[in-house]
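Student: I have a structure to go through. Can we take it by question and answer?

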Amino acid sequence: MSPLQLLPIITEGFSINPTLQSSVLNVALRGSADMDARPFLSHFVPLAHEEAERLAVSEVIIDVHELYFINSVCLKSLIVWIDYVANATQAQRYQLTFLVDSRLHWQNRSISALQRMAPELVQVANWKGE
Amino acid sequence: MSIRVVRLSYSLPPLPRWIGLTRCYLSDLLQPILVNDDEIDRLAIGVHELLENCVKYSNGDTVRFEFEVNRQGNGAVANIRTTNSALRSHVLDLCHRIDAINAAPDPVAHYDEVIRDSLVQAGSSLGLARVRAESFVHLSYQIQKDVVVVFGEMPVRLRDVL
């Protein structure tokens, strides 16, 4: 398998950190995903999807346990990501798992809405701590 | 009788920097006032999305934001109000969205539908439906010429000491 060709994005107040572990692509979103974060996330999502297909990963884990807020515009980027996977061929399709912190109440509600889009592709798991 | 517990209001230029600052300030302010963090999270989403719409679509020099928590009898209500001028087409679109939200029998099913529709639209168009479905904030509006006022209302529970 080729090494990950996806760079982290670090801005003031928001970061995206992709890492590859075996056949799983981890994407950690941290900080606040608001208007300032939108161009970075909307730029990253298609690249991450292409990379997941190139590496033929079985799963992408989107770790949001350190994400303290997401606005609807950034949620749209995640909706687009789910749509990319839903429209991929069966061979290129992968599982999307959102890792949430149950103490951040908004996360379960906001991510559940994404899961309802494609329950067969999207899972929600609770972050268990370090 | 209504007793005011919290009030924050300002008129400022429509700059994105106020949105996150307002959300974070109110979240901190409400910590010792509301019983549970879930209500604070829900209000934070409501405040952020309504203020972001207000700033994004404003075509004037200032926008107005008002937030209050009032004790009413045995309960309490949080009120959000945003005021901005905007292009007529934006005002009508906003009113259409709020009317559709209020006409929908199930806010969550309506939000799911808006999410699906957003895939074929350039913008997100999710904010208002999200506020209703996830924050349980009731939305309404008033229009006067090119000025639109959006109201958000959510019951809250105050701590016993207040």
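Tutor: Start with α2(B), a helix of 21 residues. Helices (H or I, at least four residues) and strands (E, at least two) are DSSP runs, numbered from the N terminus. This is a predicted model: local features need pLDDT of at least 70, side-chain atom pairs count only at pLDDT 80 or more, and totals for chains, interfaces and linings use all residues. Residues are numbered from 1 along each chain as its sequence is written, and chains are lettered from A and ligands numbered from 1 in the order in which they are written.

Student: What span does α2(B) reach from its first C-alpha to its last?

Tutor: The expected span is 1.5 Å times one less than the number of residues. For the 21 residues of α2(B) that gives 30 Å. The model comes close to this expected value, with a reach of 30 Å.

Student: How many residues of α2(B) are buried?

Tutor: Buried means that 20 or more other C-beta atoms lie within 10 Å of the residue's own; exposed means 12 or fewer, partly exposed in between, with C-beta atoms placed from the backbone. By that count α2(B) is mostly covered. Of its 21 residues, the buried ones number 17.

Student: Which element gives the most to the side of chain A that touches chain B?

Tutor: Contact means C-beta atoms, placed from the backbone, within 7 Å. On that basis 18 residues of chain A meet 21 residues of chain B. Two elements of chain A give two or more residues each, α2 (72–86) and α3 (105–117). With seven residues, the most comes from α3(A).

Student: Which residue of β5(B) stands opposite Ile80(B)?

Tutor: Strands pair if DSSP finds at least two bridges between them. β3(B) and strand β5 (residues 147–156) of chain B run antiparallel, joined by ten bridges. Ile80(B) is on the covered face of β3(B). Opposite Ile80(B) stands Gly152(B).

Student: Is Gly129(A) buried or exposed?

Tutor: Gly129(A) lies in the segment after β6 (122–126) of chain A. Inside 10 Å it has 6 C-beta neighbours, so Gly129(A) counts as exposed.

Technical notes:
Contact = placed C-beta atoms within 7 Å.
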